[in-house]
Amino acid sequence: IEFLTTAEYTHYELSNFAKQGRECRHNIIYWENKEYIGMGAASHSYFNKKRYYNTENIKSYINQLKNELPIKKIEETTVEQEISETIIMNLRLIKGLDKMCFLRRFGVDIKKLYEHEIKQLKEIGLIKEDKRYISLTCQGLDLANEVFIKFI
């Protein structure tokens, strides 16, 4: 972290750095738990609260395209899963989880939903909070999985 930030790279995600303005927009869609469509064999999509898994085999994928969508599996996500995944993915971002965006998306205050977990994680120094965001501390970056498990 020190080496890359000294070289003027921005630490914008748990394991990603980039020059200012060159962050990977593709991956940020995942970290913000937004919808996306995957194209090609073995690709995945997430939209309309469903996950789609395309056929892995390229020949099967091409043959299926002639008559149908080459989707191997569709999985419905519950609101609970979507909430959990949104928290975990947003916390991967250095800026963290935007509390107002969470409230708008789910209609519930994250601090009411996870009051105990947030308080506990703040007390042990793994997360911090300001008016807008809940984010990982420096120690939290190293122990991110310990934070994430609290929201599963």
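Reader: Why is Glu13 called buried?
Author: In this predicted model, Glu13 has a relative accessible area of 0%. Buried means under 20%, so Glu13 gets that label.

Reader: What makes Glu13 and Arg92 a salt bridge?
Author: Their side chains come to 2.6 Å, N to O. The cut-off is within 4 Å, so the pair counts as a salt bridge. Glu13 sits in strand E1 and Arg92 in helix H4, 79 residues apart.

Reader: And Arg92, why does that one count as buried?
Author: Arg92 comes out at 17% relative accessibility. The limit is under 20%, so Arg92 is buried.

Reader: How do you know whether Lys72 is buried or exposed?
Author: Lys72 has a relative accessible area of 53%. Exposed means over 50%, so Lys72 is exposed. Its salt-bridge partner is Glu56, with N to O at 3.0 Å.

Reader: What makes Arg105 and Glu82 a salt bridge?
Author: The closest N and O atoms are 2.8 Å apart, and the rule asks for within 4 Å. Arg105 lies in helix H5 and Glu82 in helix H4, 23 residues apart. Glu82 is buried at 6%, while Arg105 is partly exposed at 34%.

Reader: Why does Tyr46 count as buried?
Author: Tyr46 is at 2% relative accessibility, and buried means under 20%, so the label holds. Tyr46 lies in strand E3, and its contacts include Glu82 and Arg105.

How values were computed. Residues are numbered from 1 along each chain as its sequence is written. This is a predicted model: local features need pLDDT of at least 70, side-chain atom pairs count only at pLDDT 80 or more; totals for chains, interfaces and linings use all residues. Side-chain values use heavy atoms; hydrogens and water are left out. Helices (H or I, at least four residues) and strands (E, at least two) are DSSP runs, numbered from the N terminus. Buried means under 20% relative accessible area, exposed over 50%, partly exposed in between (1.4 Å probe, protein chains only). Contact means heavy atoms within 4.5 Å. Lists of a residue's contacts leave out its neighbours within four places in sequence.
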